[in-house]
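Here's a quick tour of some side chains and how they sit together. Have a look at the model first, then read on.

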Amino acid sequence: MAADFEKMIGKYRKASGDLDGFGPWSTLLKGTRDRFMRLSDARSAAHAAPGHKVAIGYTEGFDFNAFAGTNADGDIIGICLNVPISLALLFNRTLMFKAVTPWLDEFNDSHVDPEPLTADDLRFAMIRLPPHPTGKFGVIRTKLAIFLTHIALDFVFFHELGHVWNGHTSLVRERYGFGAFPEIDADKKLPLSAIDRQTLEMTPIVLQGV
(Lines give C-alpha, C1' and ligand atoms only; values in the text may rest on other atoms or scores of the structure.)
Protein backbone atom coordinates (compact mmCIF):
# COMPACT_ATOMS: atom_id res chain seq x y z
CA MET A 1 0.00 0.00 0.00
CA ALA A 2 2.94 2.36 0.57
CA ALA A 3 3.82 2.04 -3.11
CA ASP A 4 0.20 2.83 -4.04
CA PHE A 5 0.33 5.98 -1.92
CA GLU A 6 3.55 7.15 -3.57
CA LYS A 7 2.04 6.59 -7.01
CA MET A 8 -1.25 8.30 -6.19
CA ILE A 9 0.18 11.28 -4.31
CA GLY A 10 2.35 12.03 -7.31
CA LYS A 11 -0.77 12.57 -9.40
CA TYR A 12 -1.72 15.34 -6.97
CA ARG A 13 1.68 16.90 -7.68
CA LYS A 14 2.90 16.16 -4.15
CA ALA A 15 5.79 14.07 -2.85
CA SER A 16 5.51 11.17 -0.45
CA GLY A 17 7.48 11.76 2.74
CA ASP A 18 10.58 9.66 3.39
CA LEU A 19 9.77 8.39 6.88
CA ASP A 20 13.27 7.00 7.43
CA GLY A 21 14.91 10.42 7.45
CA PHE A 22 13.52 11.95 10.61
CA GLY A 23 15.55 10.42 13.40
CA PRO A 24 13.44 9.95 16.56
CA TRP A 25 10.35 11.18 14.72
CA SER A 26 10.47 8.22 12.33
CA THR A 27 9.03 5.82 14.90
CA LEU A 28 6.03 8.08 15.46
CA LEU A 29 5.47 8.60 11.73
CA LYS A 30 5.71 4.94 10.78
CA GLY A 31 3.70 3.70 13.74
CA THR A 32 0.78 6.04 13.19
CA ARG A 33 0.73 5.45 9.44
CA ASP A 34 0.64 1.67 9.91
CA ARG A 35 -2.08 1.95 12.56
CA PHE A 36 -4.22 4.17 10.33
CA MET A 37 -3.83 1.69 7.48
CA ARG A 38 -4.98 -1.19 9.73
CA LEU A 39 -8.02 0.77 10.92
CA SER A 40 -8.95 1.77 7.39
CA ASP A 41 -8.48 -1.75 6.02
CA ALA A 42 -10.68 -3.15 8.78
CA ARG A 43 -13.50 -0.80 7.84
CA SER A 44 -13.10 -1.57 4.14
CA ALA A 45 -13.18 -5.32 4.82
CA ALA A 46 -16.39 -4.95 6.81
CA HIS A 47 -18.27 -2.42 4.69
CA ALA A 48 -16.84 -2.19 1.16
CA ALA A 49 -16.45 -4.32 -1.93
CA PRO A 50 -13.68 -6.94 -1.76
CA GLY A 51 -10.26 -5.47 -2.32
CA HIS A 52 -11.23 -1.90 -1.42
CA LYS A 53 -8.31 0.01 0.08
CA VAL A 54 -7.57 3.60 0.98
CA ALA A 55 -3.98 4.67 0.27
CA ILE A 56 -2.67 6.41 3.40
CA GLY A 57 0.62 8.15 4.06
CA TYR A 58 2.56 11.27 4.97
CA THR A 59 3.49 13.87 2.41
CA GLU A 60 5.94 16.75 2.22
CA GLY A 61 3.29 19.14 0.87
CA PHE A 62 2.95 22.22 3.09
CA ASP A 63 -0.09 23.88 1.53
CA PHE A 64 -2.46 21.73 3.59
CA ASN A 65 -2.53 19.87 6.88
CA ALA A 66 -4.35 16.80 5.58
CA PHE A 67 -6.59 15.93 2.67
CA ALA A 68 -8.80 13.15 1.36
CA GLY A 69 -9.22 12.55 -2.35
CA THR A 70 -10.78 10.20 -4.85
CA ASN A 71 -9.69 9.75 -8.44
CA ALA A 72 -9.54 6.99 -11.04
CA ASP A 73 -6.93 5.14 -8.99
CA GLY A 74 -9.06 5.05 -5.83
CA ASP A 75 -9.21 6.78 -2.46
CA ILE A 76 -6.28 8.48 -0.75
CA ILE A 77 -5.58 10.25 2.54
CA GLY A 78 -2.45 12.37 2.83
CA ILE A 79 -1.24 13.95 6.07
CA CYS A 80 1.47 16.61 6.03
CA LEU A 81 4.63 15.68 7.91
CA ASN A 82 4.31 19.02 9.66
CA VAL A 83 1.24 17.81 11.57
CA PRO A 84 2.55 15.02 13.84
CA ILE A 85 5.87 16.74 14.49
CA SER A 86 4.26 20.08 15.32
CA LEU A 87 1.74 18.39 17.60
CA ALA A 88 4.48 16.49 19.42
CA LEU A 89 6.48 19.70 19.88
CA LEU A 90 3.43 21.54 21.15
CA PHE A 91 2.42 18.90 23.72
CA ASN A 92 5.99 18.32 24.87
CA ARG A 93 6.64 22.01 25.44
CA THR A 94 3.24 22.63 27.05
CA LEU A 95 3.78 19.86 29.61
CA MET A 96 7.11 21.38 30.61
CA PHE A 97 5.31 24.25 32.36
CA LYS A 98 4.92 23.60 36.08
CA ALA A 99 1.35 24.91 36.05
CA VAL A 100 0.28 22.16 33.64
CA THR A 101 -0.70 18.90 35.38
CA PRO A 102 0.96 19.97 38.65
CA TRP A 103 -0.22 16.77 40.33
CA LEU A 104 2.48 14.84 38.46
CA ASP A 105 4.97 16.60 40.76
CA GLU A 106 8.14 15.88 38.78
CA PHE A 107 9.61 19.37 38.94
CA ASN A 108 11.67 20.75 41.80
CA ASP A 109 12.14 24.37 42.80
CA SER A 110 15.11 24.78 40.47
CA HIS A 111 12.97 24.17 37.41
CA VAL A 112 12.53 27.14 35.07
CA ASP A 113 9.62 27.13 32.64
CA PRO A 114 10.76 27.25 29.00
CA GLU A 115 9.94 30.10 26.67
CA PRO A 116 6.68 29.46 24.81
CA LEU A 117 7.10 28.19 21.28
CA THR A 118 6.64 30.79 18.59
CA ALA A 119 4.43 30.25 15.57
CA ASP A 120 7.56 29.79 13.43
CA ASP A 121 8.83 27.10 15.79
CA LEU A 122 5.62 25.16 15.33
CA ARG A 123 5.84 25.36 11.54
CA PHE A 124 8.30 22.50 11.17
CA ALA A 125 10.44 23.09 8.09
CA MET A 126 11.99 20.26 6.09
CA ILE A 127 15.18 22.29 5.66
CA ARG A 128 15.95 22.49 9.39
CA LEU A 129 15.71 20.33 12.46
CA PRO A 130 12.73 20.97 14.73
CA PRO A 131 13.42 22.76 18.02
CA HIS A 132 13.96 20.25 20.78
CA PRO A 133 12.37 20.79 24.21
CA THR A 134 14.99 21.51 26.85
CA GLY A 135 15.04 20.99 30.59
CA LYS A 136 13.98 18.20 32.90
CA PHE A 137 11.22 16.06 31.48
CA GLY A 138 10.05 13.04 33.46
CA VAL A 139 8.86 9.69 32.11
CA ILE A 140 5.21 10.30 32.97
CA ARG A 141 5.06 13.64 31.18
CA THR A 142 6.86 12.18 28.17
CA LYS A 143 4.32 9.38 27.89
CA LEU A 144 1.45 11.82 28.36
CA ALA A 145 2.76 14.08 25.59
CA ILE A 146 3.00 11.09 23.23
CA PHE A 147 -0.50 9.97 24.21
CA LEU A 148 -1.94 13.43 23.50
CA THR A 149 -0.14 13.52 20.16
CA HIS A 150 -1.72 10.21 19.17
CA ILE A 151 -5.19 11.43 20.18
CA ALA A 152 -4.80 14.57 18.07
CA LEU A 153 -3.49 12.58 15.10
CA ASP A 154 -6.40 10.14 15.40
CA PHE A 155 -8.79 13.07 15.08
CA VAL A 156 -7.04 14.28 11.92
CA PHE A 157 -7.08 10.80 10.37
CA PHE A 158 -10.68 9.94 11.23
CA HIS A 159 -11.80 13.34 9.98
CA GLU A 160 -10.27 12.60 6.58
CA LEU A 161 -11.51 9.01 6.57
CA GLY A 162 -14.97 10.37 7.27
CA HIS A 163 -14.74 12.44 4.08
CA VAL A 164 -13.96 9.30 2.08
CA TRP A 165 -16.80 7.25 3.57
CA ASN A 166 -19.35 10.06 3.38
CA GLY A 167 -18.71 10.60 -0.33
CA HIS A 168 -17.34 14.11 0.02
CA THR A 169 -14.19 13.46 -2.02
CA SER A 170 -16.07 12.18 -5.06
CA LEU A 171 -19.05 14.53 -4.70
CA VAL A 172 -17.30 17.59 -6.12
CA ARG A 173 -15.56 15.63 -8.87
CA GLU A 174 -18.78 13.98 -10.04
CA ARG A 175 -20.82 17.16 -9.83
CA TYR A 176 -18.31 19.66 -11.23
CA GLY A 177 -15.48 17.63 -12.77
CA PHE A 178 -13.04 18.99 -10.21
CA GLY A 179 -10.86 16.42 -8.48
CA ALA A 180 -7.68 17.83 -6.90
CA PHE A 181 -7.89 18.94 -3.28
CA PRO A 182 -11.54 20.06 -3.45
CA GLU A 183 -11.76 20.48 0.31
CA ILE A 184 -9.02 23.05 0.58
CA ASP A 185 -9.39 24.77 -2.76
CA ALA A 186 -9.07 28.51 -2.28
CA ASP A 187 -10.52 29.41 -5.67
CA LYS A 188 -13.83 31.17 -4.98
CA LYS A 189 -14.84 30.55 -8.59
CA LEU A 190 -15.38 26.88 -7.88
CA PRO A 191 -19.18 26.51 -8.24
CA LEU A 192 -19.84 25.43 -4.66
CA SER A 193 -22.58 26.98 -2.61
CA ALA A 194 -21.98 27.97 1.00
CA ILE A 195 -23.95 24.90 2.04
CA ASP A 196 -21.80 22.63 -0.16
CA ARG A 197 -18.61 24.08 1.32
CA GLN A 198 -19.94 23.67 4.85
CA THR A 199 -21.04 20.11 4.15
CA LEU A 200 -17.55 19.14 3.01
CA GLU A 201 -16.03 20.04 6.36
CA MET A 202 -18.87 20.17 8.87
CA THR A 203 -20.96 17.02 8.36
CA PRO A 204 -21.09 15.07 11.65
CA ILE A 205 -19.01 11.94 11.24
CA VAL A 206 -20.05 8.60 12.77
CA LEU A 207 -17.64 5.79 12.00
CA GLN A 208 -18.83 2.35 13.01
CA GLY A 209 -16.58 -0.69 13.32
CA VAL A 210 -13.17 0.98 13.04
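Does T101 count as buried or exposed? At 12% relative accessibility, T101 counts as buried, because the cut-off for buried is under 20%. Keep in mind that this is a predicted model.

**The loop with T101**
- You'll find T101 in the loop between α3 (82-94) and α4 (119-122).
- Its phi is near 45°, a positive value in a residue other than glycine.

**Aromatic rings**
- A pair of aromatic rings is described by the distance of the centres and the angle of the planes.
- Here the count comes to two aromatic pairs.
- One of them joins F36 and F157, with 4.3 Å centre to centre and 5° between the planes, and this pair is stacked.
- F36 lies in helix α2 (residues 25-47) and F157 in helix α5 (residues 139-165), so the pair ties together parts that are 121 residues apart in sequence.
- Both F36 and F157 are buried, and for F157 the relative accessibility is 0%.
- F157 also pairs with F158: the ring centres are 5.2 Å apart and the planes are at 55°, so this pair is tilted.
- F158 counts as partly exposed, at 22% relative accessibility.
- Put together, F36, F157 and F158 form one aromatic cluster.

**A charge over a ring**
- R43 lies over the face of W165, at 4.5 Å from the ring centre.

**Salt bridges**
- The count comes to six salt bridges, including the ones below.
- K30 and D20 meet through their side chains in a salt bridge, at 2.2 Å from N to O.
- K30 lies in helix α2 and D20 in the loop between α1 (2-11) and α2, so this pair ties together parts that are ten residues apart in sequence.
- K30 is partly exposed at 31% relative accessibility, whereas D20 is exposed at 56%.
- R33 and D34 form another salt bridge, and their closest N and O atoms are 3.0 Å apart.
- D34 has a relative accessible area of 30%, so D34 is partly exposed.
- D41 and K53 form a salt bridge too, with the closest N and O atoms 3.3 Å apart.
- That pair links distant parts of the chain, with D41 in helix α2 and K53 in the loop between α2 and β1 (54-59), twelve residues apart.
- D41 is partly exposed, with a relative accessible area of 24%, and K53 is partly exposed at 41% relative accessibility.

Terms used: Residues numbered from 1 in each chain as written. Predicted model: local features only at pLDDT ≥ 70, side-chain atom pairs only at ≥ 80, totals over all residues. Heavy atoms only, no water. Phe/Tyr/Trp six-rings, centres within 6.5 Å; stacked < 30°, edge-to-face > 60°. Helix = DSSP H or I, 4+ residues; strand = E, 2+ residues; numbered from the N terminus. Buried < 20%, exposed > 50% of the residue type's maximum accessible area, 1.4 Å probe, protein only. Lys NZ or Arg CZ within 6 Å of the ring centre and 35° of its normal. Salt bridge = Lys/Arg side-chain N within 4 Å of Asp/Glu carboxyl O.
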